There are 2 protein chains.
Amino acid sequence: MALLVVGTMAFDAIETPFGKSDRIIGGAATYIALSASNFVQPIKQVSVVGGDFPQEELDELQNRGVELGGVQIKKDQKSFFWAGRYHLDMNERDTLDTQLNVLADFIPVVPDSYQDCEFVMLGNLMPSIQHSVLRQLKKRPKLVVMDTMNFWMDSAMPDLKELLKHVDVLLVNDSEARQLSAQYSLVKAAKHIMAMGPKYLVVKKGEHGALLFHEDKVFVAPALPLEEVFDPTGAGDTFAGGFIGHLASTGDLSFNNMKNAIIVGSAMASFCVEKFGTTRIKEISKEDIQRRIGQFAELVNFDIKLI
Amino acid sequence: MALLVVGTMAFDAIETPFGKSDRIIGGAATYIALSASNFVQPIKQVSVVGGDFPQEELDELQNRGVELGGVQIKKDQKSFFWAGRYHLDMNERDTLDTQLNVLADFIPVVPDSYQDCEFVMLGNLMPSIQHSVLRQLKKRPKLVVMDTMNFWMDSAMPDLKELLKHVDVLLVNDSEARQLSAQYSLVKAAKHIMAMGPKYLVVKKGEHGALLFHEDKVFVAPALPLEEVFDPTGAGDTFAGGFIGHLASTGDLSFNNMKNAIIVGSAMASFCVEKFGTTRIKEISKEDIQRRIGQFAELVNFDIKLI
């Protein structure tokens, strides 16, 4: 089933304890589409780029089944740019530079040909822009998944809370779940957040894996223990792409299949961090993905005979 | 198969964000024995207490199959005492007071009747004392599991490294694994530590679960997501008791059964934190434990059809 993705397509400059990148391709919608395209096609992208965004990157997305009719190209402007430096633990980062450029006055327009999308991924972006995309859909999609971040909780909480009433699944990290709910315990935070609208909450915990909450149920997914995390940039978006890609490809919204989607997302994120930027996500094959999912099963599988 | 446990039996005074305890029963060997006694008997305890240690606590241990012939009672002295305050995240704590008392000149003596123990749990204690117990055993036990902490890495690293050559399984938390190995990546830390002696490394990560490393294999166990962690004191010891209790009860040292032992340890620890001190560990039944282990299976179980 067709998947609509909204989010940034951008340039990043990244410093980690292992090295430093030049200005490389990034953006939430880029990572989401690259990741999801392994599971579902077509993907219908809504975004904005400047004239500096490389044609070959657009071509690669199209080759992967990503439609770009909803991507505005502002030839005389520059693409969104973010520069950041990660701490040793790779969980914290400092923003060194943010240049909104084309994003400053972005008004998303959903083409008519996108109206058949039953799955919607609202990538991390200003909540009012995410909401605008949702409002342009004439039919309520089968599943709306939303990513957001602490920045919007600090600067646009009323818009964010209004949007939350209309989404099915919220993806946030642990500190964001705590900030949004004003609860320290993640179990309590989940109850508070699910009362705000989302029926499902996914809490991403980086190297500690992810949690899925729904009603009174909870599922815990591991992260793959890695020798090195080279660059966590885009890992959350890559997770989101795998998660919604699996759901859109199977069309099965049962809790059991949500669990599977969390594992697919975790497997995709485990590739993303192995190299800088989108490098690793672009080069992996379906066989690599299947093997990695098998490793996740090995990682948590146990078979205890109760005493 | 009989289990030998060495460690402290003591008093604790605990402050958490949820409350404050008076002087209550604690000590690594107390928690280990209470936890392990659900799975294996007899347990043969090596420790030291003062005349202030309550007779009813000794009686309760004996009723649970814990032999106390190796527990020295120094009637005119006081038991070891520790007071601490936990931070909001429950992972960090400040020591407010430490009174060594009977521990200051403790020389462990292993009774002849303990020589049949095939399983040995070296609870967190000065490495030279742990080593002394091991040296007194005439026959190499089937399995030696050791717990330790950052305090001994700071103050007794040479003794600790010498002892590591003689243990099969080391239990530490994530920051201790990093300190011991001087490696940030836990995968690299595990390789370094397994080169020091232990064939297995268990890394405890509190609310983020636990990792088991052996050769090139790795297993990830979740922690049970809880509404509240009231008091983490003793959770690591309770984990250790469940872990070695399961191994001693089954006698099976395969990697698959080590995984099961990690789950049993995790289940026991999840009870420990629900109330202050040893309260919860004392009141749970075998049925409670079986049900909790079942919850762990539910928590991580997934069944994905590969694409």
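**Group meeting: a predicted two-chain model**

In chain B, nine strands form an open sheet with mixed pairing, in the order E6-E5-E1-E9-E10-E11-E12-E13-E14. Strands here are DSSP runs of E of at least two residues, helices are runs of H or I of at least four, and both are numbered from the N terminus. Two strands pair if DSSP finds at least two bridges between them. Strand E6 (66–74) and E14 of chain B stand at the edges with a single partner strand each, so one side of each has no neighbour in the sheet. On average, neighbouring strands of this sheet are turned by 15° against each other, direction ignored.

Before going on, the conventions. This is a predicted model, in which local features need pLDDT of at least 70, side-chain atom pairs count only at pLDDT 80 or more, and totals for chains, interfaces and linings use all residues. Residues are numbered from 1 along each chain as its sequence is written, while chains are lettered from A and ligands numbered from 1 in the order in which they are written.

Staying with the sheet of chain B, strand E1 (residues 3–6) runs parallel to E9(B), and four bridges join them. Which residue of E9(B) is the bridge partner of Val5(B)? The partner is Met121(B).

Chain A has an open sheet of nine strands too, with mixed pairing and the order E6-E5-E1-E9-E10-E11-E12-E13-E14. Its edge strands, which pair on one side only, are strand E6 (66–74) and strand E14 (217–221) of chain A. From one strand to the next the twist averages 15°.

Now some backbone details. Most residues other than glycine have a negative phi, and most peptide bonds are trans. In chain A, the peptide bond from Gln41(A) to Pro42(A) is cis, with omega near 0°. Pro42(A) sits in the loop between helix H1 (28–36) and E5 of chain A. In chain B, Gln41(B) and Pro42(B) are joined by a cis peptide bond with omega about 0°, and Pro42(B) is in the loop between H1 and strand E5 (43–50) of chain B. Asn101(B), a residue other than glycine, has a positive phi, near 50°. Asn101(B) belongs to the loop between strand E8 (93–99) and strand E9 (119–122) of chain B.

Next, helix packing. Two packed helices are described by the angle between their axes and the distance between the axes. Axes are lines fitted to C-alpha atoms, for helices over the stretch in contact, and angles run from 0 to 180 degrees between N-to-C directions.

In chain B, the axes of helix H1 (residues 28–36) and helix H8 (residues 235–250) come within 7 Å and cross at roughly 40°. H1(B) and H8(B) are therefore oblique to each other; angles under 35 degrees count as roughly parallel, over 145 as roughly antiparallel, 65 to 115 as roughly perpendicular and the rest as oblique. The contact includes Tyr31(B) and Leu34(B) of H1(B), and Gly241(B) and Ile244(B) of H8(B). Residues are in contact if their C-beta atoms, placed from the backbone, lie within 7 Å.

In chain A, helix H8 (residues 235–250) packs on helix H9 (residues 255–272) at an angle of about 140°, with the axes 7 Å apart. H8(A) and H9(A) are therefore oblique as well. Among the residues that meet are Phe239(A) and Leu247(A) in H8(A), and Val264(A) and Met268(A) in H9(A).

Last, the two chains together. What is the relation between the two copies? Chain B superposes on chain A by a rotation of 180° with 0.0 Å of shift along its axis, at an RMSD of 0.0 Å. The copies are superposed by least squares on the C-alpha atoms of residues with pLDDT of at least 70 in both. The two copies are thus related as by a two-fold rotation axis. The C-alpha of His208(B) is the one in chain B nearest the axis, 3.0 Å from it. Both copies use the same surface, as 100% of the contact residues of chain B recur in chain A.

The interface has 30 residues of chain B in contact with 30 residues of chain A. Helix H7 (186–194), strand E14 (217–221), helix H9 (255–272) and helix H11 (286–300) of chain B each supply at least two residues of the side of chain B that touches chain A. H11(B) gives the largest share of that side, five residues.

Key. Contact = placed C-beta atoms within 7 Å.
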